[in-house]
Every structure is written in structure tokens, then in C-alpha cells.
Amino acid sequence: MSKNNPYRPIETQVLEVITETPTIKTVRLKPKEEILFRTGQFIELTVPGVGEAPFTPSSRPWIKNEMEVTVMSVGKVTEKIHQLKKGDTVGLRGPFGNGYPLDDFIGKEVLVVGGGCGFAPIRSLMYEIFEKSAQFKKLFFRGGCKTPKDFLYKKETSEWVKRKDINVVLTVDTLDQGDGEWKGKVGLVTTILDDIKMDVKSGIAIVCGPPIMMKFTTQKLIKMGFRDANIYLSMERNMSCGIGKCGHCRIGPYYVCKDGPVFQYSAVKSFPDVWD
Amino acid sequence: MKFITNNNLFNLFGILQKDYDIFIPVKRENNRFYTRYMPQMETEGDKEISIGEVRSFEPLKIFYTRARETVAEGFSTELPKSNPKPFCIVGAKACDLKGFMIQDFVFKEGDFQDPFYIDARENNLVISADCTCTLDTCFCLALDVKPYPEKSFDLNLSQVSNGFVVEAGSQKGQGLIDANPSLFSDPMETVVTERDDQRKKVTAEVKKNLKEHGIPNQDRFEGVIEKNYESEIWGDEAKTCVECGACNTICPTCHCFLLYDQMDEKRMERLRVWDSCMIKDFATVAAGVNPRPWLWMRLRNRFEKKFDFFPKQSGTYACTGCGRCITACPAKIDIRKVLQRLVKDVQKQPV
């Protein structure tokens, strides 16, 4: 019998649980077998007896023996992930999917737009981009969240703002009482794209966030002159197997788990349910 | 080509039983159900074995991706052993063998393979059989499937007077003939003629079905989903659907599943469970967004998968013309009528 079982989770220890925002936690994990992923690929995280859910790691892809996933509590599995404690045992499968074709972006001007929980895959991507930042012509980052307290990775993003190799602007949709310390902009992420000085005809835009944010950001980018094929989106679909067998995540001729989760807008724009 | 008498066929089953669990169609009322073969079953009055005739009630996939199957136990690298003994399917029909084309594509191809499916496919024996009659719902010819197997079997049986014409379709099948020479004889010309006449007769019956129900041939399916994507057909046809998922469960090509975890005190188990794309939350994500909130969207999705996705991905329409979904549907949604409407509406559209 074939030895590889793609359904088997690898035993994994929880090293640390970090509270990022009231609804988002980052879990630092140590699998018993090394997992090497490309940034943008995803893994399936098992809570024993409860089930699995897919996440794109938010950590440095070149670290083989540890991994971080950032999880918003929205459902059965993610609620349980939020209850995990240091020392607990979970399972990991993967990596699955395509990831970002970073080599194709070398020598180009690159804009990364992140929204809300979409910062998770983006952080992993930024680690990778910063490692080879000299190889890009220009780098821009635009990020938005609902309010300052919803901002992920506050420490990292405040360091990004100071970097010389990238132009970073952060925004929040609204300010609540007690948010007086906020130094960024106020307004939707689509309102902080206009001042970007880049060659939109050849520039690459990478967008990751909630579907509604990706929809309006993509529309804005097209209006700005970006080419459909140069806009890279992270699609979210219900996934079970992660390996293109179970049928849940189909969109048109693709399985998001196998052919994505990163898609060029040109590849998916004709599907009416692309933003659902 | 060989000939085997009825008695010798059961003698062959007796030999095969040492290595295989044998499943054979047994007739109850107007259906044929796969039943575990027991010695002397053929002589018991209450069990009517039906090797020829027509497709069984259940699709063949029940043996290859079972409705619930353990696919992982804890974190163990050992594969859970699901089939203690290899199995031998007797009397599978050509439409079900076409189902293998889709199931093989799903579970055997790509970067990842399903070791349980592959194990079942490699360690089983398929002794298929010609159809000797048809059901009103049979429309295999429209999908380029003949009512007699031409490939994907180890041995094929064509029922004739006093026995069967036997053909080997694999080395394993040929091996069975070679290992048991006393059970087989060379067929007389008359029985071969009888087989050919039978095949012609059943083919004509299916053709009659196609004509009576106005079922279009698959060479007219290309582009019908795309062109009818916004058609009222979907809403019309979904009106009576009760979302039971029977069409998915009974379909020889439907393959969708869910990984389901369960645990007692210490043991964690992962099951691969059949799932149904007609059920509301099939595609709903954790946060609650559903790309197909309406029943008609899910019906369209089912047809899109079968008649657009699979031909593009695997080169085969994911329908075998077995007609099981027509019989199973409590809402009388009829795949033949849907296909007829899809093809017709395409013709109506201006070029």
C-alpha cells in the first residue's frame, strides 16, 4: 500500500499563544516533523477530536521546525484554537496550495495591500520580501483595519513604517473613544492608494483581506491602471481535504486548495461568485 | 475468449473465496443489491442472483470510497487497515465501470493520492457483466457508454444459454483463466452469435430510451453550462428539490467528501465521509459566507461540476447514463430533462 497518507496530521506542540486583538490570536507551533512551506501556502490545523481548519502561516517560511498561525475566532474549530494553551497537542497537515510566485516579482514595483485578518499571510510574505528587498524596484505597503485595537502585529508594522526600503501607510476605518494615540490615517484602505507613485502598467499588486475589502481594493486598483493579471488575490473557500479531492473549494475550473489560494485576478474575474 | 458454465462459474467463486470477499447482485423486487456471496447461495430458493440483467441499486463506489472510512488514527503513520480482505465485485455493469474514470482521476491523479482508494483499486477483482435488459431510465449510450463493458474489468461475463462468454480485460483476469483451465472451454460459434445478438438487442433498447425521452448525445453538451449559466432552467428545476442529497449519494461519479474528526478518551480518529453539494452549507466558510446560498445555485453547481468542470479537467463527462439519480430523486428532478433543456436552450440562442 502506498505509504503517504495525505489525511494524517503531524503531532504538533503548542509553544505559545499570543493574544493579538480581542478576536485574533497567534499560535506558535512546533511540529514533530519539519514542515517547509512557501509563503502564501496553507496548512490544515487539527484540534484533536474537534476538526481541522485551513490557515496560511504568518511566520518566516525558512524556519522549518516552528510555525505561527494567526487565527480569528469565527467558528467551531477556531473557537477551540483560541482556548489552546502552551503545551497542548494539536495536529498539522501540509503545506498545500501554490503560494506567492515571488520570483516572478523580482525586479518589479510591488504593492502589498492587507486588510484585517489578511495581515496574517501578508506578514509571512513581508518577511520574505524584506529578505530580498534590494531585488525589487520599489516596495509599497498599505494596510487597514476596522479600529486601532483590531490591528495585528502592531510591533512589526510600526517597524515597517520606519524602513527605508518600503513606503508604508496604515489606516483604520474608524476611531473609537480612547484611540487618540493612533498615528496613521482614518478611512478605508481604498482611500490610501491614490498617492502611490508606481508604474501601474507593470506593477504587481498583492491583496489579502476579507472578501469585501479585496473586492473594493481590486476595483480601485483596476481604476488606477493595474493589469488584471498583475493583481494577486488570496481566495477564501470552504476546504476540507486541502489536496484537491473533496470538492468543497471549487471555483470555475479551479480548486482553491490546489490551484490557489493565490490567484491572478485575470484567472478568476469571470466567475460570478468570486467575491463570495 | 472463453466459455464457462453456470456451475463452473460458481466453482470459480468457490476458489476465489479463499482470497476475496465476493459481492454479487441479488434481486429483491425490482432492484439488484450487492450481497456478500456465500457458498451454495445459488441453490437457495430465496436469493435470486442476478449477474446479467442491469445495473445494481448501489453505485460501485460504495466499495472504493466507502460512505464512512477511517483515514487516520491519531498521529500514527500507520495506515488504518480498512479492508481486511481484498474484494471481488461480480456483475458490475459498463456504466459503473465508467464511474472509475472519474473516481480514478480524483483519487489517483495529482500531487496527492488517496492511499485507501488506490489500495482498494489495486487489490480488488472486477468481474463485470453485459446488460441483458434495460431500465426505462438507462441512457448510457448518450454518454458514449455501451451496455456491455469494453474496458476496466478483470473478467467480463456475457450471459448466454447455460453459461457465460468470458473475456479477460487484464493480466489478473487472464491469470484466473490460466490458473483454472478445467473451468473454462472454448466458446462455440453459436454462443458468440448469441452474445452479439444480445448486445445488439440491448443497445437497441437503450436507443429507444434515448429517442422516447429526447435525450441529447454528449457531443452536444459542449458549452451548455456556460451558455445557460444565467438561465431560468436552474430555478425551474430546483423548485421541487428537498435537498436530500440522494442524487449525490447514488451517483457513481460523485466523489465529494468531508474529513470528520472524532475522539474518545484517548483515541483520535479521522473519517472520510461522503458529502453532498446539494446541502446548503456544503461551501459555507467558517465565518458564515455561502457562495451558493440558493438551492438553484447548488443544482447548477452540480451540473457544472459534471458537464463543465470534469470534461475540462479530465476529458470525461462525469455522468455514466446509469439513471440512478432519476429514480432516487423524491422531487422527480430528471437529469435527462435538464440535459434536454440545456441543449435546446443553447440552440435557441442567436449565433
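Me: How many residues of chain A are in contact with chain B?
Reply: 38 residues of chain A are in contact with 38 residues of chain B. Contact means that the C-beta atoms, placed from the backbone, lie within 7 Å. This is a predicted model: local features need pLDDT of at least 70, side-chain atom pairs count only at pLDDT 80 or more, and totals for chains, interfaces and linings use all residues. Residues are numbered from 1 along each chain as its sequence is written, with chains lettered from A and ligands numbered from 1 in the order in which they are written.

Me: Which elements give two or more residues to the side of chain A that touches chain B?
Reply: β1 (10-21) and β4 (51-55) of chain A do. β4(A) gives the most, with 3 residues. Strands (E, at least two residues) and helices (H or I, at least four) are DSSP runs, numbered from the N terminus.

Me: And how do the residues on that side of chain A divide?
Reply: Into 14 nonpolar, 14 polar and 10 charged. Ala, Val, Leu, Ile, Met, Phe, Trp, Tyr, Cys and Pro count as nonpolar, Asp, Glu, Lys and Arg as charged, and the others, Gly among them, as polar.

Me: Sheets next. In what order do the 6 strands of the open sheet in chain A come?
Reply: The order is β4-β3-β6-β1-β2-β5, with antiparallel pairing. Strands pair if DSSP finds at least two bridges between them. At the edges are β4 and β5 (67-72) of chain A, each pairing on one side only.

Me: How many bridges join β3 to β6 in chain A?
Reply: 4 bridges join β3 (residues 42-47) to β6 (residues 89-96) of chain A. Leu45(A) stands opposite Leu92(A) there.

Me: Now chain B. Which strand do 4 bridges join to β1 of chain B?
Reply: That is β9 (residues 163-168) of chain B, antiparallel to β1 (residues 2-5). Ile4(B) stands opposite Phe164(B) in β9(B). Another 2 bridges join β1(B) to β10 (residues 184-185) of chain B. In β10(B), Ser185(B) is the bridge partner of Phe3(B).

Me: What domains is chain B divided into?
Reply: Domain 1 (2-213) and domain 2 (220-348). The bounds come from an automatic or database domain assignment. Taken over C-alpha atoms, the domain centres are 26 Å apart.

Me: How many residues of the two domains of chain B are in contact?
Reply: 32 residues of domain 1 are in contact with 27 of domain 2.

Me: Which element gives the most to the domain 1 side?
Reply: α2(B), with 9 residues. That side of domain 1 divides into 18 nonpolar, 7 polar and 7 charged residues.
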